[in-house]
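Me: Let's go through this structure in short questions and answers.

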Amino acid sequence: MSLRPQAGEPDPRGGDCVACGCCCHHGPLTVHLTESDESRMGEELLRRWTEVHARSGFRFVRNAGERCACLDVSVPGRFPCVVYERRPDDCRVFRAASAGCLEARRLGRLGSPIG
Ligand code: SF4
Ligand code: SF4
């Protein structure tokens, strides 16, 4: 499921992200974890929020339908990341107000792969 497209230019410092959530809506096998991501996340969060893809052996953040499982959708209109402080580098390099962000806001979901 995509979100409704978001109007307007987002705050480049990320001030609109929790009210947006578009780039955290995407298909499975989108957010890949490196070894340093795994160390940062730690055993407990890895077990709960990630899985190893059987064919490739790579670890990815789990999906829940058409969004990242780490996106908390319990409050309508709010999209906080439950692992924000320990989120993978794929998410850290994705910048608010970048071309990918603007595309995600236009589509209501991530258009291009993160990274
Ligand atoms: S699409 Fe842009 S504004 Fe929306 S959550 Fe992602 S980075 Fe933030
Ligand atoms: S880990 Fe957090 S920031 Fe990254 S896609 Fe999932 S909800 Fe979004």
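Me: What volume of space lies in the largest pocket of this predicted model?
Reply: The model is predicted. The space in its largest pocket comes to about 720 Å³.

Me: Which residues lining the largest pocket are closest to its centre?
Reply: The lining of this pocket holds 34 residues. The closest to the centre are Cys 17, Cys 23, Tyr 84, Arg 87 and Cys 91.

Me: Which helix gives the most to the lining of the largest pocket?
Reply: Helix H2 (89-92) and helix H3 (99-107) each supply at least two lining residues. The top contribution is three residues, and the helix that gives them is H3.

Me: How many residues of the lining of the largest pocket are nonpolar?
Reply: Three lining residues are polar and six are charged. The nonpolar ones number 25.

Me: How many disulfides does the count come to?
Reply: A disulfide is a covalent bond between the sulfur atoms of two cysteines. The cut-off here is 2.5 Å between the sulfurs. Take Cys 70: the nearest cysteine sulfur, that of Cys 68, is 4.0 Å away, and Cys 70 is in no disulfide. Over the model, the number of disulfides is zero.

Me: Is Cys 70 buried or exposed?
Reply: Buried means under 20% relative accessible area. Cys 68 has 10% and counts as buried. Cys 70 has 2%, so Cys 70 is also buried.

Me: Which residue has its backbone oxygen 2.6 Å from a polar atom of the side chain of Thr 30?
Reply: Thr 30 lies in the segment before helix H1 (35-49). Its relative accessible area is 19%, so Thr 30 is buried. The backbone oxygen at 2.6 Å from a polar atom of its side chain belongs to Gly 27.

Me: How many salt bridges does the count come to?
Reply: Side chains of opposite charge can pair when their charged atoms come close. The cut-off is 4 Å, nitrogen to carboxyl oxygen. By that rule, the number of salt bridges is five.

Me: How many residues apart in sequence are the parts tied together by Arg 59 and Glu 38?
Reply: Arg 59 and Glu 38 form a salt bridge, with the closest N and O atoms 3.5 Å apart. Arg 59 lies in strand S2 (residues 59-61) and Glu 38 in helix H1, so the pair ties together parts whose separation in sequence is 21 residues.

Me: Which residue meets Arg 40 in a salt bridge of 3.0 Å, N to O?
Reply: The partner's side chain is that of Asp 89. This pair links distant parts of the chain: Arg 40 is in helix H1 and Asp 89 in helix H2, 49 residues apart. Arg 40 is partly exposed at 26%. At 30%, partly exposed as well, is Asp 89.

Me: Which residue is linked with Arg 40 and Asp 89 in a network of salt bridges?
Reply: Arg 40 and Asp 89 meet in a salt bridge. The network that links them also takes in Asp 37.

Me: Where does Glu 51 lie?
Reply: The side chains of Glu 51 and Arg 62 meet in a salt bridge at 3.1 Å, N to O. Arg 62 lies in the loop between S2 and strand S3 (63-64). The pair ties together parts 11 residues apart in sequence, because Glu 51 lies in strand S1 (residues 50-52).

Technical notes:
Residues numbered from 1 in each chain as written. Chains lettered and ligands numbered in written order. Predicted model: local features only at pLDDT ≥ 70, side-chain atom pairs only at ≥ 80, totals over all residues. Heavy atoms only, no water. 1 Å grid on protein atoms, 1.4 Å probe; cavity = no way out; pocket = protein on both sides within 12 Å on 5 of 7 lines; lining within 4 Å. Points joined across faces, edges and corners; volume = space filled by probe spheres on them. Helix = DSSP H or I, 4+ residues; strand = E, 2+ residues; numbered from the N terminus. Nonpolar A, V, L, I, M, F, W, Y, C, P; charged D, E, K, R; others polar. Buried < 20%, exposed > 50% of the residue type's maximum accessible area, 1.4 Å probe, protein only. Polar contact = N/O pair within 3.5 Å; in protein donor to acceptor, adjacent residues only side chain to side chain.
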